[in-house]
Amino acid sequence: MPKCKKQSVLAKWEKPPSGWMKLNVDGSYQENNTGGIGAILRNSTGDVIFAVYGFVEQCQSALEAEILACKEGIRLALQWTLLPIIIESDCAEAIQLILSEGKLRSAHTFLVREIQGMVKGAREMKLKKVNRNCNRISHVLANKGRCESLTDFWPDGSCNFISELMSADSYG
């Protein structure tokens, strides 16, 4: 009897609905206690509003890097758009902490409370856990910030580095 091959379907980044923005964030951590953050904000046609990567000189864990990426990404997104925002991360633990209500028993409570305050503002925001394939560009950005010990910001997709990532990204 022939065996059926299981076909894996790679998840793809999807454009946000009309009238919404999508912010993808990711953190990167190295055991020498350094980290990196990456974030990219795109509109409903997939155009880049901004992209950023950053070096984090003191970082205690991968979770801290993820939370810092959320915080910085949301802070910038609030400055660059008035539209509602879908925030995507591939870190389920960070998303759970941010969405949690009540008492937090985490070393990152202060950062999480800051993010919760930003998310509960006047603008509608949705947090969502996604597959790493859907978060590929912010992942690359976070690793670049950490590995190169650099921080940089682009207010659009005109940077060659971002353009190359966008052209390699397939989204629906």
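Phe 50 counts as buried because its relative accessibility is 0%, where buried denotes under 20% relative accessible area, exposed over 50% and partly exposed the range in between (1.4 Å probe, protein chains only). This residue is found in strand S3 (residues 48-56); helices (H or I, at least four residues) and strands (E, at least two) are DSSP runs, numbered from the N terminus. The model is a predicted one, in which local features need pLDDT of at least 70 and side-chain atom pairs count only at pLDDT 80 or more, whereas totals for chains, interfaces and linings use all residues. Residues are numbered from 1 along each chain as its sequence is written, and side-chain values use heavy atoms, with hydrogens and water left out.

When residues up to four places away in sequence are not counted, Phe 50 touches Leu 23, Ala 39, Ile 40, Leu 41, Gly 73, Leu 76, Ala 77, Trp 80, Phe 153, Trp 154, Pro 155 and Asp 156, a contact being defined by heavy atoms within 4.5 Å. The C-alpha atoms of Phe 50 and Ile 95, which lie 45 residues apart along the chain, are separated by 22 Å. By comparison, a separation of 9.4 Å is computed between the C-alpha atoms of Asn 135 and Ile 40, which are 95 residues apart along the chain.

Asn 135 is placed in the loop between S5 and helix H4 (136-148), and with a relative accessible area of 1% Asn 135 is buried. Its contacts, again not counting residues up to four places away in sequence, are with Asn 24, Val 25, Asp 26, Glu 88, Ser 89, Asp 90 and Val 130.

In helix H3 (residues 109-119), the buried residues are Thr 109, Leu 111, Val 112, Ile 115, Gln 116, Met 118 and Val 119. The cover over these residues includes helix H1 (62-80), helix H2 (92-99) and S5.

Taken as a whole, the protein chain has five helices and six strands, arranged along the sequence in the pattern β-β-β-α-β-α-α-β-α-β-α. Its radius of gyration of 16 Å, taken over C-alpha atoms, agrees with the value near 16 Å for a compact globule of 172 residues, the globule rule being 2.2 Å times the number of residues to the power 0.38. The C-alpha atoms fill a box of roughly 55 × 40 × 35 Å along the principal axes. Of the 172 residues, 50% count as buried, and residues 24 or more positions apart account for 74% of the contacts with a separation of 6 or more.
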